[in-house]
Amino acid sequence: MRRFMDSVRIATIVRVLAVTNDGGVSPGGTVDIHPLVQQTDGEGNVISLPPVYGVPYMRVQGGTNAVILDPQVGDLGIALFGDRDLSTVVSTKDMGPPGSARRNSLADALYI
């Protein structure tokens, strides 16, 4: 059970590597992030997690109004990981089924 739980991603602190928006009046963009908490294997060797690319980030929004405070390279933030594959919803911005059987994956990150 512990090995299974070790593979479940929920949230972690990350550093922003790149941003697609520069604070302009446009739809929210994406960030490339790098998890800062490293892992260890069964022998105690330290392993860095890979960067995660194209992660949607949050803007405080109500209708057509929004607080535009886009992340900048070097910022620290929190990445949350969906319990199911978020790719369909991210691409369509509408309700939809999971894109695959993937669960709690780095690929399903959201940056806050």
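## Gly62 and the model

At 40% relative accessibility, Gly62 is partly exposed. That label covers the range between buried (under 20% relative accessible area) and exposed (over 50%), using a 1.4 Å probe and protein chains only. Gly62 belongs to strand S6, residues 60-62. Met1 sits 61 residues away from Gly62 in sequence and 42 Å away in space, C-alpha to C-alpha.

The model is predicted: local features need pLDDT of at least 70, side-chain atom pairs count only at pLDDT 80 or more, and totals for chains, interfaces and linings use all residues. Residues are numbered from 1 along each chain as its sequence is written, and side-chain values use heavy atoms, leaving out hydrogens and water.

## The whole chain

The chain has two helices and nine strands. Both kinds of element are DSSP runs, numbered from the N terminus: helices are H or I with at least four residues, strands are E with at least two. In sequence order the pattern is α-β-β-β-β-β-β-β-β-α-β. The C-alpha trace spans about 50 × 35 × 15 Å along its principal axes.

Of the 112 residues, 25% are buried. Take the contacts (heavy atoms within 4.5 Å) with a separation of 6 or more: 57% of them join residues 24 or more positions apart.

## The nonpolar core

A nonpolar core is a set of buried Ala, Val, Leu, Ile, Met, Phe, Trp, Tyr and Cys residues joined through side-chain atoms within 4.5 Å. The largest one here has 13 residues. Which of them touch the most other members? They are Val31, Ile33, Val52, Val55, Ala109 and Tyr111. At least two core residues come from each of strands S1 (11-19), S2 (30-35), S5 (52-56), S8 (76-81) and S9.

## The largest pocket

The largest pocket holds about 520 Å³ of space. Its lining has 22 residues, and Gly28, Tyr57, Met58, Arg59 and Gln61 are the closest to its centre. S5, strand S7 (65-67) and S9 each give two or more residues to the lining. By type, the lining divides into 11 nonpolar, nine polar and two charged residues. Here Ala, Val, Leu, Ile, Met, Phe, Trp, Tyr, Cys and Pro count as nonpolar, Asp, Glu, Lys and Arg as charged, and the others, Gly among them, as polar.

How is a pocket found? On a 1 Å grid over the protein atoms alone, a pocket is an open set of points with protein on both sides within 12 Å along at least five of seven lines. A 1.4 Å probe that fits but cannot get out marks a cavity instead. Lining residues have an atom within 4 Å of a point. Points are joined across faces, edges and corners, and the volume is the space filled by probe spheres set on them.

## Asp70 and its partners

Asp70 is in the loop between S7 and S8. Its relative accessibility is 11%, so Asp70 counts as buried. The Asp70 side chain makes polar contacts with the side chains of Tyr57 (2.8 Å) and Arg59 (2.9 Å). A polar contact is a pair of N or O atoms within 3.5 Å; within protein, one must be able to donate a hydrogen and the other to accept it, and residues adjacent in sequence count only if both atoms are side-chain atoms.

Asp85 lies in the loop between S8 and H2. Is Asp85 buried or exposed? At 5% relative accessibility, Asp85 is buried. Its side chain makes polar contacts of 2.7 Å with the side chains of Ser87 and Ser100.

Gly99 is in the loop between helix H2 (87-92) and strand S9 (109-111). Gly99 is partly exposed, at 45% relative accessible area. Beyond four places in sequence, Gly99 contacts Asp85, Ser87 and Thr88.
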